[in-house]
Amino acid sequence: MRKDGVKIVYVLLDGIGDLPHPALNDLTPLEAAYTPNLDALARNGAMGRVITVGKGIAPQSDIAVFNMLGYSFRDGGYVGRGVIESIGCNIDFQDGDLALRGNFATVDDKNNKITDRRAGRVISKEEATAVCKTLENSIKFSDKDASIALVPTVAHRVVIRIHHSKMKLSDKITNTDPAYDKVEGMGVAKATSDDIYVQEAKAQDDSKEARMAAMLVNEFTEQTIKILRDHPVNVARKAAGRNPMNCILARDSGNRFPQVQPINKKYGISIGCIVEMPVEVGISKVLGMKMYEAGSLDDYELKARVAAKSLKTVDAVYVHLKGPDEFGHDGDAKGKKRNLEEIDKRFFGVLAKELAGVKNPVIVVSGDHSTPCIKKAHSDDPVPLLVSGNGVRQDGSARFTEGYGRKGSLGLLMGADVVSTALKLATDRQ
Ligand SMILES: O=C(O)[C@@H](CO)OP(=O)(O)O
């Protein structure tokens, strides 16, 4: 398969997949949205659907993106989102430390009932930094050889790193965040219910390293709620009628660096990326992808321009657009529809113009998982896949929607096969 001359733009729309929603006359956000640029790509290409990680698995973005880039970790060797986000935010992490993904959350501190898993989502860097600094200075573990580092990343997200100077901590512990389970190291969304409390971390084996890890995470959780009860940041937030960030929910622990084949070696082409969220930044570093700066999360026009320009130096560029997922989590179907229309106009519309000078580009569009607004959580519903351009045989798809994905000629793929399939389609015509 000749790969010289290949030019691919690979776009993952976070949380893209959805289900019919009453607020959209029982259409999905993709079906209800006006997306002329995506539809033009669909008419000039072929569609299918993707089970990104595994049948029945509602994956988190980390393991889903790894799969969509061809790394399935099905041997159970996945290191956990905590490690990936630690790498993404450059925290000092060594094998044997315990890294976890955290959420600043709002709890009723009388019974630890969670009233908002994201403390209202609006959290400034200053608030998060002040809270993390207080916690790092105030938390005292019963084991004097243990210490903690906390790094706020984006909005309600924070990375937790626990170090023990005399033992390698085990990652065989359960989450304190009730919204996600750990299955073979992978973070899997649970069908959430309203009656949710902060969970106690439990050791998943009888080793002293797992029991120590669980004990330290529980001490962290308990002390955090006490310390933050009257923290100035929360006094101010409550006075302003905003949810206090008075708990940190922890999940997806890991205790070692991933060992994987660099992506350029895996596919024999050079692949760059445009990513912002700490988890995708971590993935890109682990896979050795050249990262291109392209503004903040919704600088869509800039991302399109940088993506097209990057093809002067790399053969393919992976672009992660976070937008749709948060509307799914918030159950905002109309908001997700509007966000898709914005991405279509401001990213894909600009990309079409910017690629005018690129010979035979192939555009691949899919997602990391479904986040149906009706469920307000990730689901195992397959995501649509589109491969368009460079003479890819058109299959009659008229729009980029879940429905056309079901009927498309590419059929049903597993996430780990998407890149190799797209590469084959992109090079058959060479
Ligand atoms: O970080 C995020 O964007 C989401 C899902 O990946 O996590 P949470 O549901 O905790 O907001």
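This is a predicted model: local features need pLDDT of at least 70, side-chain atom pairs count only at pLDDT 80 or more; totals for chains, interfaces and linings use all residues.
V159, in strand β6, is the bridge partner of V151.

Now widen the selection to both strands. β5 covers residues 146-152, and β6 covers residues 157-164. The two run antiparallel and are joined by seven bridges. Colour β5 by accessibility next. Five of its seven residues are buried, so the strand is largely enclosed by the rest of the structure.

Move to the turn of this hairpin. Four residues lie between the strands. Stop at A155, which has a positive phi near 60°.

**The ligand**

Select the ligand and its surroundings. The shell holds 14 residues. R118, H156, R157, Y180 and K322 are the closest. Show secondary structure here too: β3 (98-108) and α11 (323-329) each supply at least two residues of the shell.

- R81: a polar side-chain atom lies 3.1 Å from a ligand oxygen.
- R117: an N or O atom of the side chain is 2.8 Å from a ligand oxygen.
- H156: a polar side-chain atom sits 2.8 Å from a ligand oxygen.

How much of the ligand's 310 Å² does the protein bury? The answer is 100% of the area that the ligand exposes when taken alone.

**Helix α12**

Finish at residues 333-354. This is helix α12, with 22 residues. From first C-alpha to last it reaches 30 Å, close to the 32 Å expected at 1.5 Å a residue. Centre the view on D344. A kink of about 30° in α12 is centred there.

Conventions:
Residues are numbered from 1 along each chain as its sequence is written. Side-chain values use heavy atoms; hydrogens and water are left out. The expected span of a helix is 1.5 Å times one less than its number of residues. The bend at a residue is the angle between axes fitted to the seven residues ending there and the seven starting there. Buried means under 20% relative accessible area, exposed over 50%, partly exposed in between (1.4 Å probe, protein chains only). Two strands pair if DSSP finds at least two bridges between them. A residue is near a molecule or strand if one of its heavy atoms lies within 4 Å of it. A polar contact is a pair of N or O atoms within 3.5 Å; within protein, one must be able to donate a hydrogen and the other to accept it, and residues adjacent in sequence count only if both atoms are side-chain atoms. Accessible areas come from the Shrake-Rupley method with a 1.4 Å probe; for residues, only the protein chains shown count as cover.
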